[in-house]
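Open the model in your viewer and keep the selection panel at hand. The stops below each say what to select and what is there.

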Amino acid sequence: MGGPPPGWYADQGAPGTERWWDGAAWTAHTRPLPATLAMPVRPAPNAPSGRGTAAVIGALLVVPAVIGGVLLLNGGGDEPPPPVATSSAPAPAVTSAAAPTPSPSPTEDPTHVTDQLNGITLPILKGWKKPENTLDDVATVTTDESYECPGDTSRYCDRGTVSSRSVSGTAATTPEALAKEDIATAAKAAYGEDALGNRIHGGIRSHTVVAARPAVVAGRTGYLVRWRVITGKGPGGYVQSLVFPSSLGSESPVVVRFAFDAGPDGPPLSAMDEIMRGIKPIGSSTGGGVGSSIGP
């Protein structure tokens with residue numbers, strides 16, 4: 001059987017007040033009991049805050065006693081006794097309980113960028129920032145300094161970029177296989193052609209494998225591959241694909257791509273290892289670490 005309809009009912013645990021029943025459960029909304037006697041049309045099956053059936057029955061017994069008292073005071077004359085309210089009083093202008101609203105998100109930590117989809121955070125080092133806009137809808141941090149791209153001076157390039165994304169569209173399954181497969185895509189995106197097809201570094205002329213080894217990141221064992229790329233224009237740079245299982249329940253693989261300009265103006269390679277050490281699961285105060293640093 002269905003429960004009583006939504007409405008105001010006498011609160012047996014707080015005499016002199018009514019509580020709002022939303023049709024399924026008691027809410028936190030209360031109001032003073034109206035001047036006229038207000039009793040529930042039907043008591044709700046589960047009284048709030050541990051009020052039991054006995055309390056509801058006791059409340060119902062008050063009605064006959066009140067009615068009898070009114071009849072005695074009327075003196076038994078021909079005039080009918082004044083009506084006694086036996087139903088809930090009219091609700092105020094706003095009678096329904098407000099729908100729950102999501103809690104406001106806490107102020108974003110200026111020292112990290114959060115990748116909610118993959119359950120990790122990327123650290124923002126000194127001299128780095130979270131860009132306001134990116135072409136890819138992925139968690140990204142970049143160096144503060146940008147400059148005219150060597151292959152297209154009408155555009156601006158970042159000296160360092162780090163971004164995380166989910167792995168998709170591949171038959172590879174292990175972190176090693178995924179990292180070795182992704183590194184060419186990462187190199188092309190950073191120094192070959194941008195998302196609009198522009199060769200802002202003059203394209204990639206050649207590359208050298210600098211490192212390829214297992215790495216522990218955010219408490220998960222993964223694999224990294226790092227290349228040194230030579231470009232048609234400009235100093236070229238270092239690119240890295242770091243793949244490891246997500247900290248979320250499905251443990252789907254996540255790839256973090258690094259692109260650092262080479263030469264004295266680019267960020268030091270030690271920052272690449274520092275960022276890896278700073279990658280953490282969401283809500284964690286400690287990182288997984290990546291072991292010893294890797295030199296070029």
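Start by selecting Arg257, which lies in strand 14, residues 253–261. Helices (H or I, at least four residues) and strands (E, at least two) are DSSP runs, numbered from the N terminus. This is a predicted model, in which local features need pLDDT of at least 70 and side-chain atom pairs count only at pLDDT 80 or more, while totals for chains, interfaces and linings use all residues. Residues are numbered from 1 along each chain as its sequence is written, and side-chain values use heavy atoms, with hydrogens and water left out.

Is Arg257 buried or exposed? Its relative accessibility is 15%, so Arg257 counts as buried. Buried means under 20% relative accessible area, exposed over 50%, and partly exposed in between (1.4 Å probe, protein chains only).

The side chains of Arg257 and Asp182 make a polar contact at 2.6 Å. A polar contact is a pair of N or O atoms within 3.5 Å; within protein, one must be able to donate a hydrogen and the other to accept it, and residues adjacent in sequence count only if both atoms are side-chain atoms. Show the other residues around Arg257 as well: not counting residues up to four places away in sequence, Arg257 touches Thr161, Val162, Ser163, Arg165, Asp182, Thr185, Ala186, Gln240 and Ser241. Contact means heavy atoms within 4.5 Å.

From that list, pick Ala186, which sits in helix 2, residues 175–192. With 6% relative accessibility, Ala186 is buried. Leaving aside neighbours within four places in sequence, Ala186 is in contact with Val239, Ser241 and Arg257. Draw a distance from Ala186 to Val256: the two are 70 residues apart in sequence, and their C-alpha atoms are 9.6 Å apart in space.

Keep Val256 selected and turn to the nonpolar cores. A nonpolar core is a set of buried Ala, Val, Leu, Ile, Met, Phe, Trp, Tyr and Cys residues joined through side-chain atoms within 4.5 Å. The largest one has 28 residues, and those with the most contacts inside it are Leu242, Val256, Phe258 and Ile279. At least two residues of this core come from each of strand 5, strand 7 (139–143), strand 11 (204–217), strand 13 (237–245), strand 14 and helix 3 (270–278). A second, separate core has 13 residues, including Leu178, Ile183, Val225 and Ala259.

Two strands pair if DSSP finds at least two bridges between them. Strands of a sheet pair through backbone hydrogen bonds, either parallel or antiparallel.

Take the two pairings in turn. Strand 4 and strand 5 run antiparallel and are joined by 4 bridges; here Asp115 stands opposite Ile120 in strand 5. The hairpin of these two strands has 4 residues between the strands, and Gly119 takes a positive phi near 70° in this hairpin.

Show the side chains of strand 5. Which residues point which way from strand 5? Ile120 and Leu122 point one way, Thr121 and Pro123 the other way, and all are buried.

Move to the cysteines and select Cys149 and Cys157. They are joined by a disulfide, S to S 2.0 Å. A disulfide is a pair of cysteine sulfur atoms within 2.5 Å, and by this rule the count comes to 1. The torsion about the S-S bond is about 115°, so the disulfide is right-handed. Cys149 is buried at 0% relative accessibility, and Cys157 is buried with a relative accessible area of 4%.

Ala218 counts as buried at 9% relative accessibility. Ala218 and Phe244 are 26 residues apart in sequence and 8.8 Å apart in space, C-alpha to C-alpha.

Finally, clear the selection and view the whole protein, which has 3 helices and 15 strands. Of its 296 residues, 37% are buried.
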